Each structure stands twice: as C-alpha cells, then as structure tokens.
Amino acid sequence: MSGRGIIWFLVVGLIAGWLAGKIMKGSGFGLVGDLVVGVLGAVLGGWIFSMFGIAAWGLVGSICVALVGALVLLYILRLVKRG
C-alpha cells in the first residue's frame, strides 16, 4: 500500500469511526479512539463483506464497508463491557 493509500485508509477509518459513534448513540472515543475503531472496523467490514461475496468500490463504498464493520465492532465492545 502506498503512502497515499494509507492516508486514505486512515481518513476512511476516521469517518467510519465517527459515524459509528453517532449512530450507536455514543459520545465517541475521541479522535484517536474513533480512528482505531474505524480502521479496525474497516478490516472487520472487509472480512464480513468478503464472506458474503460483496464488493464495494470507491470512497463511498469504502466508507460504507468500514461503517458496517465499525458498527459491528462497537456492538461487540458494548456487549463485552456489559458482561
């Protein structure tokens, strides 16, 4: 992955983490926390989508995949936190 690719991956992760925090009615985890949740969510979302044979292209597609992964990750984190 090139330097530009890494920067876009981080931007997509930040956007997805922020959106997931807003959708899940949370206050978010701050800039770094949202970035981590979004980046891990992007990886998780990519894995989930590939399991179903779904592909997404472009910036909007990448954000959607990362958002789905971040939402799943936040849901799992909240389940673990409760338990």
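Accessible areas were computed by the Shrake-Rupley method with a 1.4 Å probe, and for residues only the protein chains shown count as cover. On this basis, the protein chain has an accessible surface of about 5600 Å², 75% of which belongs to carbon and sulfur atoms. The structure is a predicted model, in which local features need pLDDT of at least 70, side-chain atom pairs count only at pLDDT 80 or more, and totals for chains, interfaces and linings use all residues. Residues are numbered from 1 along each chain as its sequence is written, and side-chain values use heavy atoms, with hydrogens and water left out.

The protein chain contains 3 helices and 0 strands, assigned as DSSP runs (helices H or I, at least four residues; strands E, at least two) and numbered from the N terminus. Of its 83 residues, 30% are buried, that is, under 20% relative accessible area with a 1.4 Å probe, protein chains only. Along the principal axes, the C-alpha atoms fill a box of roughly 40 × 30 × 20 Å.

Helix α2 (residues 30-51) packs against helix α3 (residues 58-82) at an angle of about 105 degrees, the axes lying 6 Å apart; axes are lines fitted to C-alpha atoms over the stretch in contact, and angles run from 0 to 180 degrees between N-to-C directions. The two helices α2 and α3 are therefore roughly perpendicular (65 to 115 degrees). Residues in contact (heavy atoms within 4.5 Å) include Leu 40, Leu 44 and Phe 49 of α2 and Val 65, Val 72 and Leu 73 of α3.

Technical notes. Parallel < 35°, antiparallel > 145°, perpendicular 65-115°, else oblique. Buried < 20%, exposed > 50% of the residue type's maximum accessible area, 1.4 Å probe, protein only.
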